[in-house]
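Dear colleague,

Please find the structure below, for your use.

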Amino acid sequence: MAKEKKAGNAAEKRIEGKGSSGSNGEVHAGNGDELHQVSGGSHAMLTTNQGIPISDNQNSLRANTRGPTLLEDFVLREKITHFDHERIPERIVHARGTAVHGYFELTDSLAQYTTAKLLTEVGEKTPVFTRFSTVAGGAGSVDTPRDVRGFAVKFYTKEGNWDLVGNNIPVFFIQDAIKFPDLVHAVKMEPDRGFPQSATAHDTFWDFISLMPESMHMVMWIMSDRTIPRSLRMIEGFGVHSFRLINDAGESTFVKFHWRPKLGLQSTIWDEAVKIAGADPDFHRRDLFEAIEKGNFPEWEFAVQLFTQEQSEKFPFDHLDATKLIPEELVPLKVIGRMVLDRWPDNFFAETEQAAYCPANIVPGIDFSNDPLLQGRLFSYLDTQLLRLGSPNFNQIPVNAPKCPFANLQRDGKMQMMQPKGRVNYEPNSLSQDAPRETPAIGFRSAGVTENGEKGRIRAESFADHYSQARQFYRSQTSHEQAHIASALVFELSKVAHAHVREAMVAHLRHIEEDLAQRVADGLALDTLPNAPAAAAPVQDMAPSPALQIIGKMKNTLEGRAIGILIADGSDGAVIAKLQKAATDAGAKVKIVAPKVGGAKLADGSMLEADGQLAGTPSVMFDAIAVILSAEGATLLAGESAAIEFVQNAFGHLKAIAFDEGGQVLLQKTNIEKDRGVVDAGDPAGFIAAARTRQWEREPSVRMLA
Ligand code: HDE
């Protein structure tokens with residue numbers, strides 16, 4: 001009977017075109033032999049969640065060949081029910097992210113300042129799980145919107161988990177946690193229309209910001225190219241708030257935490273970021289994945305700024321205010337270790353999606369400061385995890401569980417995975433010799449800080465200066481970066497329909513830098529500059545801090561960068577090989593782009609396989625390009641807009657371009673004006689030198705910046 005049914009399935013199979021190997025690796029008789037299932041091997045037996053072997057994973061149980069499906073089909077019902085429950089709520093912010101395992105290695109001990117073992121045991125490698133994210137977009141949004149990047153590190157230390165949940169920007173929008181829901185509501189999709197996704201360029205965001213002078217410093221950062229990074233491997237990370245370190249004498253020192261990428265900083269051009277979003281929505285995720293697959297493990301230095309209460313009292317700002325940073329010139333960075341990310345998770349959902357970061361996860365020897373934003377975060381994250389992961393036992397999920405022993409008397413709850421033994425689930429008790437007890441000598445202790453004053457909903461006077469560091473940031477930038485900030489403001493405010501909001505923003509800019517306000521006003525076609533609002537505190541002129549630039553921190557290297565070589569039938573293999581070698585020797589990843597993915601037939605008759613097909617591999621994927629074509633190849637591609645854009649965009653995005661004689665024909669077709677960054681392919685060294693940087697001086701010739 002069963003055999004007959006299978007035979008029937010085989011006949012219908014041809015129409016439905018589905019099948020799979022059986023549990024023993026053999027293909028089911030009825031599944032058709034056009035399928036390429038792996039046979040042989042030692043496949044595990046496919047079973048239900050109750051362990052019942054499944055005989056057929058292609059067909060549900062029917063009353064007859066073409067009859068209704070039977071409710072008794074527990075295999076179908078279990079599978080579909082589980083599927084229906086596959087999603088958990090996405091993170092309300094930082095929903096889109098990607099994470100990698102790795103380790104933190106201490107190179108310099110902070111024993112003078114802290115008892116935390118991970119900061120005192122030099123050479124010790126502490127496992128970490130690091131998640132990078134965007135803030136505003138949903139989990140399915142793209143990787144390259146203009147947005148802050150989350151930089152969250154879970155250290156699985158010997159003394160418990162420490163989560164340093166930071167961003168790639170050292171300051172934040174608001175001074176008090178109570179404003180966070182308003183900020184996030186304003187930036188997310190507008191509630192009536194459900195758009196825009198993952199963008200600050202809309203009315204509600206700028207309306208809110210224009211009424212929040214404390215956001216102006218952060219606004220300078222988000223309008224800078226920091227929010228359009230080239231790669232997650234090329235971003236800095238910051239703990240943002242001040243924390244405390246506590247030593248064995250119980251003395252506490254303030255600390256700010258910094259991550260500095262080994263590859264240096266690099267960002268994209270705004271137009272490039274927009275185009276990448278279409279060409280590869282997973283651009284950053286893929287870049288990280290490919291680097292790790294190839295063994296090019298991303299690495300960051302870990303640095304601290306240490307300062308005392310007395311020092312902090314002399315700062316011209318309040319370090320407890322998260323809209324302020326401590327310039328490196330005021331308190332230098334001390335590098336104490338490095339983080340290497342070297343292992344991609346096995347399963348995105350189990351690890352990355354279920355990872356539960358929480359700034360309140362802290363180890364003995366580290367403590368919180370009174371930053372009111374941090375204080376609010378200490379509550380929020382645990383609450384969020386309970387909603388997302390659905391049970392107070394989320395700490396038992398492997399990615400969240402400490403790697404050191406842990407024990408307490410918390411019990412039960414949904415999804416309890418542990419099976420504690422014995423009668424004792426309370427403390428103190430006299431019935432058990434081995435129930436966990438507190439350890440006053442090494443257990444977590446808070447800094448012994450005296451607090452006094454009057455209770456109230458009060459903002460400290462020392463939080464009143466909203467413009468000085470915004471001015472310092474703007475003045476610290478190179479002229480290219482200043483132009484990008486002004487242009488980003490023009491772009492964003494041009495998407496704001498309410499003229500009074502645009503004007504209110506320009507009015508704030510007058511406190512930051514009159515010239516910036518004028519540039520933005522011009523870009524918005526505002527006839528007169530609106531009056532600046534009253535400032536709550538006088539604006540100070542702080543010394544410029546070059547450490548705040550990106551261009552100043554870009555490394556003159558091709559390490560971690562990619563070069564695309566456009567070829568077609570008839571291209572010169574020798575020229576390609578020379579460029580390939582020079583680029584690879586310089587540390588770049590080289591990809592061949594051709595009209596067909598199978599490759600192109602070179603002048604010598606050999607085939608060169610392509611890494612990408614032209615239409616799907618635009619030049620925004622690369623840091624520099626080469627165009628190596630035969631005369632016929634060039635003529636052919638001169639009629640292909642993807643080829644024209646390949647060159648035009650590379651030029652517009654300030655990239656180096658190498659060309660040979662055929663390539664030159666295509667270049668002519670694009671009407672680009674050759675400059676120092678457009679190099680003869682016969683000079684690979686010249687090309688590599690140009691490819692190491694962007695051609696900043698070209699920019700005024702390709703776009704009207706504000
Ligand atoms: Fe978060 N933030 N945040 N945040 N945040 C979350 O926790 C929150 C803030 C940051 O990769 C949520 O698990 C409040 C500053 C990162 O999983 C939530 C306030 C900084 C991540 C939450 C802030 C951050 C989050 C949402 C104001 C930089 C992603 C999902 C008081 C220092 C972590 C979740 C990951 C995630 C609350 C402000 C960084 C809702 C209330 C400042 C990197 O709990």
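**Ligand site and cavities**

An oxygen atom of the ligand lies 2.6 Å from an N or O atom in the side chain of Arg131, a polar contact, that is, a pair of N or O atoms within 3.5 Å. This is a predicted model, in which local features need pLDDT of at least 70 and side-chain atom pairs count only at pLDDT 80 or more, while totals for chains, interfaces and linings use all residues. Residues are numbered from 1 along each chain as its sequence is written, and side-chain values use heavy atoms, with hydrogens and water left out.

For His94, the distance from a side-chain N or O atom to a ligand nitrogen is 3.5 Å.

The ligand is surrounded by 22 residues, the closest being Arg91, Arg131, Ser380, Tyr381 and Gln385; a residue counts if one of its heavy atoms lies within 4 Å. Helix α10 (residues 372-389), which contains Tyr381, gives the most to this shell, with six residues. Helices are DSSP runs of H or I with at least four residues, and strands are runs of E with at least two, numbered from the N terminus.

Of its 49 lining residues, Val93, His94, Phe180, Ser380 and Tyr381 are the closest to the centre. Helix α10 provides the largest share of this lining, eleven residues. On a 1 Å grid over the protein atoms alone, a pocket is an open set with protein on both sides within 12 Å along at least five of seven lines, a cavity is a set of points where a 1.4 Å probe fits but cannot get out, and lining residues have an atom within 4 Å of a point. A molecule sits in either if more than half of its atoms lie within 2 Å of its grid points, and a volume is the space filled by probe spheres set on points joined across faces, edges and corners.

There are four cavities of 30 Å³ or more. The largest holds about 170 Å³; among its 19 lining residues, Pro170, Phe238, His258, Leu325 and Ile326 are the closest to its centre.

With kind regards

How values were computed: A polar contact is a pair of N or O atoms within 3.5 Å; within protein, one must be able to donate a hydrogen and the other to accept it, and residues adjacent in sequence count only if both atoms are side-chain atoms.
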